[in-house]
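I opened the model in the viewer and kept notes as I went.

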Amino acid sequence: MTLSLPIDASGPPAMRGGTPPFDTLVPLAWPDVPSADELDGAVARILESRVLTNGPFVRQLEQRVEERLGVRHCIAVASCTAGLTLVLRASELTGDVVLPSFTFTATAHAVAWNGLTPVFADVSPDTLTLDPSAVRRAVGVRCSAIVATHTFGTPCDVEGLAQVADELGVRLVYDAAHALGSHRDGVPIGGFGDAEVFSLSPTKMVVAGEGGLITTDDDELAERCRIGRDYGNPGDYDCRFVGLNARMSEFHAAVAIASLEGLDARVARRNALAERYRLTLADVPGLTMPSVADRDGSTYKDLTVLVDARRFGMDATTLATWLAADNVETRRYYAPPVHHQQAYRPRNGDRWRTSLPVTEQVADEVLTLPLWSTMSEAQVEGVVAALRRIQRHVDPAAGAEPVTLPAGPSEERAS
Ligand SMILES: *Cc1c(COP(=O)(O)O)cnc(C)c1O
């Protein structure tokens with residue numbers, strides 16, 4: 001895509017007849033995949049060896065991740081969803097699991113596939129991660145685990161959540177799909193709670209094609225996950241429990257090993273671009289970015305902003321359609337929140353009506369903007385220029401009427 005900057009800031013946005021700042025679509029994300037050269041003949045070697053699964057590439061990937069994150073065990077699996085499902089299964093849980101509703105649905109699917117009941121708790125308005133005090137309020141006697149997501153790569157309040165889990169005597173598992181490369185006060189995400197699970201699907205920080213990584217310091221849990229990814233069979237065909245086929249193939253492991261190489265550089269680049277967004281968005285009324293504590297590091301897997309419709313002059317859903325006219329692709333991560341999704345309404349009985357005020361407000365306001373590691377600074381500035389031009393056009397301070405789309409079925413609210 002080429003940029004036709006400077007855009008005419010005083011003119012109308014593309015939605016009202018102006019020239020789009022980009023002549024082709026600026027994508028939301030652009031996967032970082034290793035080149036064939038970087039794979040260095042691995043595919044041919046795997047084919048020649050006839051060892052297509054459970055082989056040396058998977059073991060090498062696991063060892064590199066163990067070293068990098070300083071954890072005792074890494075178990076490579078077929079996906080993050082399978083990894084989360086397996087960790088919960090291997091932990092022999094019963095009853096309820098407390099988790100955020102403001103997360104990707106797979107977090108809740110892992111709970112539901114185990115026949116456990118998801119109990120949704122609210123997130124903190126600053127970081128959009130699970131709020132430990134909300135967990136305390138949501139938890140009942142049937143609770144056996146907490147699952148928390150490092151949302152968009154922002155580390156959770158791991159100390160606060162550990163304290164709640166300790167007090168209640170329940171398991172603590174992290175959905176770390178976004179957080180390979182994040183750290184909490186210098187300590188890599190991967191060693192917190194009883195286990196953490198990363199995703200290696202195409203838009204995540206390290207890419208295998210499809211894949212996931214379970215990391216844990218718990219020897220027994222690790223062993224059960226290793227057996228569990230192989231149907232529950234420790235090798236003697238006398239399955240110890242009902243597992244899955246959640247193995248990672250050697251081909252996927254080879255791609256992931258090559259992808260791991262450039263991780264630090266990509267995280268650094270994404271942080272520089274996120275900082276650029278933060279600086280240039282600072283004077284646009286009604287747009288804010290969730291916070292990441294100074295001592296923490298985020299991967300910025302997604303660059304999600306909050307749109308205050310009254311101050312900006314337009315709600316997030318409408319803004320997405322206006323940006324699309326400007327050739328800027330966006331998504332609304334995570335709207336609708338899980339407890340409002342069709343799959344969870346009946347399952348959760350009347351509990352989907354549970355009031356999660358922060359989640360509901362944030363889900364109304366989120367807008368995820370383009371960010372990928374080879375994006376240029378000029379592209380970021382083009383996106384922000386488009387936002388600024390739209391805002392000026394609908395500025396409530398200048399007397400414009402706020403612009404909103406009529407609420408669709410997915411926006412339906414519990415009253
Ligand atoms: C992508 C994602 C998952 C699922 O990962 P897969 O590897 O595709 O199964 C789970 N949780 C979150 C937060 C995600 O973004």
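How much space lies in the largest cavity? I get about 90 Å³ for the largest cavity. F152, T154, P290, Y300 and D302 are the closest to its centre, out of 14 lining residues. I sorted that lining by type: seven residues are nonpolar, six are polar and one is charged. I also checked how many cavities reach 30 Å³ or more, and the structure holds two. I note here that the model is predicted.

Next entry: strand β12. I find β12 at residues 366–369. Is each face of β12 covered or open? Both are covered. V366 and T368 sit on one side, L367 and L369 on the other, and all four are buried. I then looked up the pairing with β11, residues 303–307. The two strands run antiparallel, joined by four bridges. In β12, L369 stands opposite L303.

Last entry: N245. I place N245 in the loop that links α8 (219–228) to α9 (250–261). Leaving out residues up to four places away in sequence, I see N245 touch R229 and Y231. Its side chain also reaches the backbone nitrogen of R247, at 3.2 Å.

How values were computed: Residues are numbered from 1 along each chain as its sequence is written. This is a predicted model: local features need pLDDT of at least 70, side-chain atom pairs count only at pLDDT 80 or more; totals for chains, interfaces and linings use all residues. Side-chain values use heavy atoms; hydrogens and water are left out. Buried means under 20% relative accessible area, exposed over 50%, partly exposed in between (1.4 Å probe, protein chains only). Two strands pair if DSSP finds at least two bridges between them. Contact means heavy atoms within 4.5 Å. A polar contact is a pair of N or O atoms within 3.5 Å; within protein, one must be able to donate a hydrogen and the other to accept it, and residues adjacent in sequence count only if both atoms are side-chain atoms. On a 1 Å grid over the protein atoms alone, a cavity is a set of points where a 1.4 Å probe fits but cannot get out, and a pocket is an open set with protein on both sides within 12 Å along at least five of seven lines; lining residues have an atom within 4 Å of a point. Grid points are joined across faces, edges and corners, and a volume is the space filled by probe spheres set on the points. Ala, Val, Leu, Ile, Met, Phe, Trp, Tyr, Cys and Pro count as nonpolar, Asp, Glu, Lys and Arg as charged, and the others, Gly among them, as polar.
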